[in-house]
Amino acid sequence: MKTYIYKNLSEEEISSLTQRNIDQKQEIRTATEEILKEVSLRGDEALYELSSRFDRVELDTLTLDQDDIEGAAYSVPRERQRALEIAFQNIHRFHSTQNRRERKIETVPGVECWREIRPIDKVGLYVPGGSAVLPSTLLMLGVPARIAGCKEIVVCSPPQPTGTISPYLAYVLNLLKIDKVHLVGGAQAIAAMAYGTKSIPKVDKIFGPGNQYVTMAKTLIQSSTNVAIDMPAGPSEVLILASEEAKASYIAADLLAQAEHGPDSQSILVCTSVALIEKVKQEIQKQLQELPRAAIAEQALEHSYIVQVDSLEEGLEFSNLYAPEHLIIQSDRWREFVSRIQNAGSVFLGHLSPESAGDYASGTNHTLPTSSYAKSYSGVSVDSFVKKITFQHLNEEGVKHIGSTVEILAEIEGLDAHKKAMTLRMEDL
C-alpha cells in the first residue's frame, strides 16, 4: 500500500485518489449492454447460456421452489442457524422503527395535507455469490422488504457449482418466508428482473450490491426502463481514520476484512502517526499469511493506499471528499467528529466497532452507496421499499384562504386553465 502525505497532494492528485471504478475505455459498459440485450431478446434461453459461460454450471432449471429450499436448509448446523436467527432479529429490530406514519398538517385553515406510505408491489433482490456466499446480504434486503409489506419479493443469486444454492442462503429464505429463488447471477440477473422472462418476473425496483458489471447493469436499467434501483452499490470499500493510540492489529484486520471481499475492493487508511502506519504495514503482512483468501486480498491492496495527515480534522476532510461506503474512526476522540461526518454510507465509532459488526449482526444495513455515491445516496432501509403518496383536502374555508393566491400564480405562469379551475370553485362559494 503506497503512502501519500496529504499536505503534499495537489487538488488534482486528491481528485484522482478519490475516484474509483471508472470505466474509462467503456469495456464494462459495452459488455454489460450486450448481456442486457441478450436477456431482453431471448429471455430464459440467454440466462441458461450465460450461466454456462460465466458460472460454468449447466442448469436444469432457473428456479428452486419451497421443497428445494427446505431440503438445502436442512443441512445447516444448529449453531449456525442460531447465528443467522440472531442477525435476523437484530436487523429486524433496527429496521422496524423506520416505518412510521406522518401526521396531517393544516397549512392554512381549511387546507389539510399529509403523506401516506405504500409498499412497492414487486421488488427484486440480488444476492451476490461469486467468490463468497453472502446470506447476510439476503437478510439486509429481505428484512426491510418484509417490514415494508412488499407483495412480491423476487430473489436472484448465482448457482453454486452443484447447480443449487448455499444451505445458508436457503435457511435465510425460510426465515424470510420466501418460497422461491432464481439461480441467476451477474448483470444477467439484473436484466432478468428488469425485463422479465418466462421463469423470472419483472419487478418495479431492484436492490443489491455486486461487481462493476452488476452496478453498470443497474445504472443502464435505471436510465432505459421504468424499473428503479436502490443505488449504484458496486465493489466494496472502507476508509479507516486513525490516531496514534489506535491498535495496529485492529486496523490491519479491518483493512484486510474489506480487501478479502474481492480484487476490486479498496481499503484506505488515513492516519496521523508515521510510526503507527509502519506497524500497520507489518501487521498486514503478518495477518495475510493466515488468510485463506490472501490472494484476493493482495489484489485489492494493490490499488489501496495510506494517507498520512497532520490531524484527525485533516483526515476527516479527506474522508468527506472520498465519501466512503464504510468509515471507521479508531480514535479516543471519535465523539468530536460525529457531527462533522458529511459523506459516508455507514460509520463505525471507536476501537471496538469493526465493520464486520455492521456487515452481519449489529442491526444496521450493509447495502450501502460506494464509489463516492455516499455524497448523494443513503444505504438501504425500509424507506427504500416504499413510496410516499401526498394527499390534500380543501374545504370552503381552504378555498377562500388560498384561492386568490392560486389565481395570481397561475396568471404569472400564463396558465389560464389552472386559474379557471380555482376561479370556478371560488365563484360557486
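**Strand pairing, salt bridges and a surface patch**

Author: I117 stands opposite K388 in β15. This is a predicted model.

Reader: Which strand pairs with β15, and over how many bridges?

Author: Strand β4, residues 111-119. The two pair in the antiparallel sense over 9 bridges.

Reader: What's the strand order in that sheet?

Author: β3-β4-β15. The sheet is open, has 3 strands, and its pairing is antiparallel. β3 (105-108) and β15 (386-394) are the edge strands, each pairing on one side only. From one strand to the next, the twist averages 30 degrees.

Reader: Switching to charges. How many salt bridges in the whole structure?

Author: A search of the whole structure finds 18. Side chains of opposite charge can pair when their charged atoms come close.

Reader: Start with E152. What does the side chain of E152 meet in a salt bridge?

Author: K122, at 3.8 Å, N to O. That pair links distant parts of the chain, 30 residues apart. E152 is in strand β6 (residues 152-156) and K122 in strand β5 (residues 122-126).

Reader: Why does E152 count as partly exposed? And K122?

Author: E152 counts as partly exposed because its relative accessibility is 28%. K122 counts as partly exposed because its value is 32%. Partly exposed lies between under 20% for buried and over 50% for exposed.

Reader: What about E278, which residue is its partner?

Author: K281. The closest N and O atoms are 3.9 Å apart. Both residues lie in helix α11 (residues 274-288), 3 residues apart, about one turn of the helix. E278 is partly exposed at 39% relative accessibility, and K281 is partly exposed at 26%.

Reader: Which residues do shared partners join into one network?

Author: E38, R42, E45 and E49, through salt bridges. One of the pairs is E45 with R42, the closest N and O atoms being 3.2 Å apart. E45 is partly exposed at 47%, and R42 is partly exposed at 27%.

Reader: New topic. Where does UniProt place the "active site"?

Author: At E325 and H326, in an unreviewed entry.

Reader: Is E325 buried or exposed?

Author: Buried, because its relative accessibility is 5%. E325 lies in the loop between α13 (312-322) and β13 (326-330).

Reader: Last one. Which residues make the nonpolar surface patch?

Author: I408, L409 and I412 make a patch of about 320 Å². L409 lies in helix α15 (residues 396-412). L409 counts as partly exposed, at 49% relative accessibility.

How values were computed
Residues are numbered from 1 along each chain as its sequence is written. This is a predicted model: local features need pLDDT of at least 70, side-chain atom pairs count only at pLDDT 80 or more; totals for chains, interfaces and linings use all residues. Side-chain values use heavy atoms; hydrogens and water are left out. Patches are made of residues with over 30% relative accessible area and no salt bridge: like charges are joined within 9 Å, nonpolar side chains (Val, Leu, Ile, Met, Phe, Trp, Tyr) within 5 Å. Accessible areas come from the Shrake-Rupley method with a 1.4 Å probe; for residues, only the protein chains shown count as cover. A salt bridge is a side-chain nitrogen of Lys or Arg within 4 Å of a carboxyl oxygen of Asp or Glu. Helices (H or I, at least four residues) and strands (E, at least two) are DSSP runs, numbered from the N terminus. Buried means under 20% relative accessible area, exposed over 50%, partly exposed in between (1.4 Å probe, protein chains only). Two strands pair if DSSP finds at least two bridges between them. Axes are lines fitted to C-alpha atoms, for helices over the stretch in contact, and angles run from 0 to 180 degrees between N-to-C directions. UniProt positions are given in the numbering used here, feature names are shortened, and annotations may be inferred rather than shown by experiment.
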